Amino acid sequence: MNRITIFMAVLWIAGAGPLLAQDSTTAGLPDKWSLQQCLDYARAHNIQLSSLRLSQASSEQDLLQSRAARLPSLGGTVTQSFTNSKNTNPVVGGFQTQSSLASNYALSSTWILYQGGYLRNDIREKNLLLQAANLNVQQAENDITLQITQAYLNILLAGENIVYVKDLVQTSQAQLQQGQQLFNAGSIARKDLVQLEAQQATDAYSLVVAQNTYRQNLLTLKQVLQLPTAYTFSIVQPDTLRAEKPVPSLEEAQRTALQTRPEVKNGELGVTIAEVGLEKAKAGYKPTLSLGGTLSSGFSDNQSNSYWQQLDNNFYQRAGLTLGIPIFSNRVNKANEARAKIQIDQAKLTLQDTKTVLAQQVEQSYLNLQNAQEQYKAAEKQLVASEEGYRISVEQMKIGAVNVTDLAVQKNLYVQALQAFIQAKYGAILNTRIYEFYIGEPVTNN
């Protein structure tokens with residue numbers, strides 16, 4: 001790959017390609033996004049979160065319906081009928097056709113007074129299910145928060161890598177110009193000059209790779225945020241990023257996570273919901289008592305009384321209590337009770353598994369953080385030493401005290417140490433954010 005091809009590739013990756021017009025769906029979106037803006041946008045527009053909020057709204061309607069079941073019902077009916085018949089006429093013999101038009105009006109109401117505690121427990125169950133729906137939203141927000149944080153930090157890592165690689169490209173270009181001068185003066189051989197040219201081309205190619213990685217990470221964040229395809233944006237560089245900071249102990253982090261994380265609270269609600277389900281199942285053994293009433297009247301045109309007189313004469317009122325006593329239910333109630341007990345055991349196992357998995361995740365996060373911080377410290381020392389060795393070689397190169405091969409070796413060591421340092425730095429930052437997030441610390445904290 002020659003230098004012209006590499007230069008054109010760099011321009012393309014850097015954004016010199018054709019620009020795409022932004023459509024109306026991107027109106028009002030910022031050009032630069034901070035991490036907090038990314039999180040706020042995802043909470044407001046993420047499709048998965050929106051779907052869970054609709055489920056939450058549905059659970060709220062279920063709760064309102066269960067509360068309304070304790071109130072009396074009221075319904076009205078209006079019946080209009082036409083009757084046509086043939087009757088025997090005793091006077092003239094034969095049949096006589098008769099027709100009539102009748103109307104009937106009725107109001108009826110039923111009020112359940114007692115149902116073995118079913119209605120009360122149903123309200124309680126629906127309330128718990130609404131709380132569980134809220135926790136589902138929080139849990140999904142936590143998952144998306146970690147995805148966005150990782151994608152955001154990957155962009156920062158790639159961006160910082162570009163800065164260092166650009167510096168290497170400039171250094172390689174300067175070394176190539178110096179090597180050309182030394183070659184013209186007869187101080188170095190042709191193979192040394194070619195080696196400098198190859199090193200400059202390699203650094204330029206590394207810049208292309210670094211910029212492509214940056215664009216790919218930016219695309220990943222765009223996809224997580226579910227932004228329009230034609231929309232182009234960049235992210236805000238934070239003022240400070242702390243790779244090393246004191247963090248809580250593992251025992252404290254596990255205790256806090258088990259007390260505050262929504263997945264644990266959801267598991268605890270699952271046990272309570274199953275226990276309420278058992279109480280609802282037991283209500284099937286108990287009698288039910290309801291109060292009912294009906295008001296009705298009617299009119300027929302085959303009567304001599306007027307319309308209003310007939311309504312008054314036919315006015316009918318009924319009120320009564322109905323007691324339902326279960327005697328034999330074909331084992332329906334026993335089966336419902338047995339299934340409810342199984343649900344309780346299953347919910348307890350689910351809660352236990354949730355706590356175990358969460359404790360393991362916190363422990364793994366703590367171990368990852370310890371390893372990342374140790375790697376960061378080691379990489380920082382390695383970078384200082386490699387950078388000093390490379391600086392000395394560059395100065396020696398200027399006075400001809402070192403050959404091009406030795407310079408290339410020192411540079412490769414420096415590049416490797418630099419890349420390891422950047423990776424270790426952002427690895428420590430990411431693992432710190434994840435570990436703190438398990439105990440409720442916002443990821444936007446420095």
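Student: What should I know before I start?

Tutor: Residues are numbered from 1 along each chain as its sequence is written. The model is predicted, so local features need pLDDT of at least 70, side-chain atom pairs count only at pLDDT 80 or more, and totals for chains, interfaces and linings use all residues.

Student: Which residues line the largest cavity?

Tutor: Rolling a probe the size of a water molecule over the atoms shows where empty space is left. On a 1 Å grid over the protein atoms alone, a cavity is a set of points where a 1.4 Å probe fits but cannot get out, and lining residues have an atom within 4 Å of a point. Here the lining is Gln-175, Gln-195, Leu-196, Gln-199, Val-404, Leu-407, Ala-408 and Lys-411. The largest cavity has a volume of about 50 Å³, meaning the space filled by probe spheres set on the points. Helix H10 gives the most to this lining, four residues.

Student: And how is a pocket read, say the second largest pocket?

Tutor: A pocket is an open set of points with protein on both sides within 12 Å along at least five of seven lines. The second largest pocket holds about 280 Å³ of space. Its lining has 18 residues, with Asn-142, Arg-261, Phe-437, Gly-440 and Glu-441 nearest the centre. Helix H4 supplies the largest share, four residues.

Student: Is Leu-291 buried, partly exposed or exposed?

Tutor: Buried means under 20% relative accessible area, exposed over 50%, and partly exposed in between (1.4 Å probe, protein chains only). Leu-291 is partly exposed, because its relative accessible area is 32%. Leu-291 sits in strand S5 (residues 288-300).

Methods: Heavy atoms only, no water. Helix = DSSP H or I, 4+ residues; strand = E, 2+ residues; numbered from the N terminus.
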